[in-house]
Amino acid sequence: MKRYATVWFLASTAGITAFAQGAPKLIPVPREYKAGTTATLAQGVAISSGDAAEDRFSAEDLGAWFESLGVHAEHGHSAVKIELLRADSKRGEKVLASSGVKLDAAMHDEGYAVVPEEHGLAVVADTAEGVFYGAQTVKQMVTGTGAAATLTEATIRDWPAMKYRGISDDLSRGPFPTLEFQKKQIRTIAAYKMNVYSPYFENTLQYASNPVPGLPGGSMSKDDVRALVTYAAQYHITVIPEQEAFGHLHHVLKYEEYAPLAETPMGHVLAPHQPGSLDLIGQMFGEIAKEFPSPFLHIGADETADLGKGQTKDEVDKRGLGPVYVDFLLQIHEKLAPLNRRLMFWGDIGMHDPPEVKRLPKDMIAIGWEYSPNDKGYAEWLKPYTDAGMETWVAPGVNDWNRVYPDNDFATRNIQGFVHDGQLAHSTGMLNTVWNDDGEGLFNGDWYGILFGAAAAWQPTETTDAAAFGDAYGQVFHGDATGKLNQAQREIIAIYQALNGVELGWQTDRLYWVDPWSAEGQTMGTKLKPLVHEMRMHAEKAITLIAEARAAGALREPDAVDALDTGARRLDFIGQKFETADLIAQQYREAYAQQGDAEKSKHIGGALYTLSGANGLCEDLRDGYNYGRLRYSAVWLSENRPYWLANVLTRYDLAAELWVKRSEAIHAAHVQWTDKHTLPTPESLGIPAEAQ
């Protein structure tokens with residue numbers, strides 16, 4: 001084999017604090033890393049494993065990865081050999097003994113070692129999980145494709161900081177993924193050493209006992225569940241179902257048969273004192289337990305804002321919110337006890353009444369959630385539960401909701417801070433959240449925040465570095481050697497940093513849809529106007545960088561690149577819309593004011609044609625929404641079922657129609673000017689008064 005120059009980098013046992021010169025870019029960053037030689041893969045790879053079915057699967061998965069890079073399986077002497085070994089096998093013992101590498105007790109469950117051998121690498125671990133995660137690291141140690149591919153033969157010791165590392169995926173407020181895309185989600189999060197996938201259900205899981213709320217085509221069937229759970233197990237992913245069992249149940253309670261169970265009419269919260277509420281919960285979770293073998297069941301129980309406003313008002317007024325809330329959690333715990341599963345719940349309500357928290361069973365798991373960066377830390381979301389002797393998880397968020405593309409500045413700071421405090425508080429898990437409050441989220445745009453969460457939960461808290469992650473992301477996830485996709489992400493981050501300075505970052509979705517001539521649009525436009533040029537330049541730079549990265553060579557995860565491009569174009573259109581709407585209003589007001597000027601009025605017809613005509617400004621906004629509709633639909637359908645898409649496309653249609661109607665009104669004004677040399681007032685066309 002051809003060998004290349006050796007570069008040494010030794011990580012301290014405390015962990016790697018940054019990607020060092022000469023060290024490959026890896027997500028997550030291993031605890032200990034020592035670079036060795038670099039081997040060419042021009043002669044292919046030979047992958048072997050022990051007889052355990054799980055290890056054979058890891059070998060097959062690794063082999064498929066090499067094949068996707070154009071590196072073929074070979075068995076000749078020149079092929080690079082990669083062995084996947086258990087530590088208690090004779091070969092595993094020999095490799096560890098000869099290399100001097102040890103597997104500590106902390107590494108037992110999921111840790112692994114990568115050890116250079118004479119003709120390649122060996123991955124050694126105590127468990128199938130460790131073997132699998134070591135193989136995932138090997139994937140990232142490959143640079144290039146085909147005959148140009150090389151493998152860094154490093155020495156690595158690595159193990160996770162947190163036992164449970166996963167995502168909560170909102171399947172209840174809009175986008176509903178295809179089963180094939182859910183399988184892709186499983187493969188991808190597993191490749192970055194996550195081990196939990198938690199689908200969030202309100203009314204989108206089908207129940208034989210309660211068939212009305214689960215809409216066919218927009219919910220998971222039992223066959224879907226079985227297929228997903230079986231598939232996930234191969235990748236060492238536990239699927240933890242979350243079925244809301246207290247709040248967030250409007251799409252159940254709006255049906256007539258459940259009306260008596262609603263705290264308020266067609267509201268969101270189950271009335272705790274109604275016997276039918278517990279019966280419903282028992283029916284749902286009884287079916288869930290048969291289909292999901294997870295040791296955990298997530299009952300939600302967050303944001304119960306209706307509690308005490310309807311059927312339980314007298315009781316809450318008398319006893320307080322905390323006691324009534326905790327009483328119902330205790331009843332749910334008792335009802336579901338025969339299922340022999342540990343119950344998880346969101347911690348946002350109970351945290352405000354620490355004495356009541358102490359009544360909760362110690363086998364319940366409280367998940368603290370908070371989605372914004374917080375310089376003061378996140379201890380308050382965990383302390384009421386740790387003080388009560390309960391296990392905790394932390395739930396930061398990718399900050400994709402109500403945004404046309406995720407705010408990865410907010411996301412990385414939130415994830416890093418909350419996971420840091422969770423590790424200090426001995427939280428055992430992280431559930432990074434994806435929400436679709438606006439019904440428009442595109443999961444393929446969320447990978448940056450999801451992978452950063454994977455790194456934050458695997459790595460010790462002091463080693464997570466958002467800047468270093470940003471330098472590695474494009475190469476690791478997309479195979480982009482140019483660094484241009486990383487810079488494109490930074491351009492969008494810069495937009496959000498500017499928007500957050502005027503409190504608009506969290507509502508870019510609203511900025512996209514709002515009529516800039518409405519009162520709301522005028523208020524937003526006043527804040528946005530000083531930033532529009534900068535915003536558009538960043539967005540258009542991102543679009544250019546994406547195109548350049550694509551032109552430089554084939555990229556992995558092309559659907560995610562499409563989502564990035566679509567996000568940049570939507571952000572650019574926000575600026576274009578406000579600029580253009582202002583220009584239309586300004587030019588029409590000027591034309592209206594020039595009616596009595598013999599010289600200037602000669603130009604009114606031409607001015608009106610620029611507003612409404614071929615390549616008119618109104619047409620630009622019509623075109624922007626119609627093109628956005630096409631792009632958005634394509635990205636949506638690359639991951640989701642058609643369900644719900646029409647609800648979003650209606651917004652595109654109405655937005656485009658608005659500017660078509662305004663174009664027609666201005667055209668009618670042009671005709672009036674030609675015929676009568678008079679113009680309707682700006683106000684009659686919906687044009688707002690000029691800001692003073």
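Guide: The mean positions of the protein's 62 positive and 91 negative charges lie 3 Å apart; Lys and Arg count as positive and Asp and Glu as negative, with His and the chain ends not counted, and each charge is placed at NZ of Lys, CZ of Arg, CG of Asp or CD of Glu. This is a predicted model, in which local features need pLDDT of at least 70, side-chain atom pairs count only at pLDDT 80 or more, and totals for chains, interfaces and linings use all residues. Residues are numbered from 1 along each chain as its sequence is written, and side-chain values use heavy atoms, with hydrogens and water left out.

The protein has 22 helices and 18 strands, which are DSSP runs numbered from the N terminus (helices H or I, at least four residues; strands E, at least two). Of its 692 residues, 59% are buried, meaning under 20% relative accessible area with a 1.4 Å probe, protein chains only.

Buried in H18 are Val532, Met535, Arg536, Ala539, Ala542, Ile543, Leu545, Ile546 and Ala549. An α-helix has 3.6 residues a turn, so residues three or four places apart point the same way. The cover over the buried residues of H18 includes helices H15 (484–500), H17 (519–528) and H19 (558–593), where contact means heavy atoms within 4.5 Å. After H18 comes Gly553, with a positive phi near 160°.

Conventions:
Buried means under 20% relative accessible area, exposed over 50%, partly exposed in between (1.4 Å probe, protein chains only).
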